[in-house]
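Student: I would like to learn how to read salt bridges and a helix in a model like this one. Could we go through it together, step by step?

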Amino acid sequence: MPALIRPSRRSFLVGLAACLLLAGCGYTWRGQEGSLSEDSVLGKGDKTLRIRDIDQTTLYPWLPYMIRSQIRDDINARGLAVWKDSGETDFTLTVRVPSFQIRSYGEYKNQTLLFTATIRMEFIVFDGKTNTEVWRSGLNSYSEQYENANEEQAIRETVRMAIRRCMDNLQQRF
């Protein structure tokens, strides 16, 4: 009579078999494929980058500073390029923000109950030496409703998510 395999061991063996099959088909696990920046428009992460301009038509004078710091942090976290604040670089980045809105709805005891934040953003990458356009993300939009949040938190989160979408596009060559 064959020995029965316990359910926990059976699950482990099935999972192991699935992993081996996937590895045989050419799939790799996150972290095995090398740097995420290898497929980036910017190369393998060893090129330099700086923001050339943040073109925004809103009445929020602090928005460019928030965008600049979040882009710098995301570029460094993803290892897409070597960040420089000024000087000659391999690539320059222009950020277009054609629209940004924050609306609040309802109040209870002097606190806003709902914020709706919407932003449209585009990244344009230029060659730092020839000043020719290398890549354009196209217009990315992000809108979110935030309940029981303060206005600054809603704005920061919306800008972060729009930048994340543009960065995701930047990491893909298509």
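This is a predicted model: local features need pLDDT of at least 70, side-chain atom pairs count only at pLDDT 80 or more; totals for chains, interfaces and linings use all residues.

Student: Which residue forms a salt bridge with lysine 129?

Tutor: Side chains of opposite charge can pair when their charged atoms come close. Here the partner of lysine 129 is aspartate 90, with the closest N and O atoms 3.1 Å apart. Lysine 129 sits in the loop between strands E4 and E5, and aspartate 90 in the loop between E2 and E3, so the pair ties together parts that are 39 residues apart in sequence.

Student: Is glutamate 122 buried or exposed?

Tutor: Glutamate 122 is buried, because its relative accessibility is 5%. It forms a salt bridge with arginine 96, the closest N and O atoms being 2.3 Å apart, and this pair joins strand E4 to strand E3. Salt bridges with shared partners join Arg96, Glu122, Glu133 and Arg136 into one network.

Student: Which residues are buried in H2?

Tutor: Among them are Leu63, Met66, Ile67, Ile71 and Arg78.

Student: Where does the model call for caution?

Tutor: The protein averages a pLDDT of 83, but pLDDT stays under 50 over residues 29-37.

Conventions:
Residues are numbered from 1 along each chain as its sequence is written. Side-chain values use heavy atoms; hydrogens and water are left out. pLDDT is the predictor's confidence in each residue, from 0 to 100. Contact means heavy atoms within 4.5 Å. Buried means under 20% relative accessible area, exposed over 50%, partly exposed in between (1.4 Å probe, protein chains only). Helices (H or I, at least four residues) and strands (E, at least two) are DSSP runs, numbered from the N terminus. A salt bridge is a side-chain nitrogen of Lys or Arg within 4 Å of a carboxyl oxygen of Asp or Glu.
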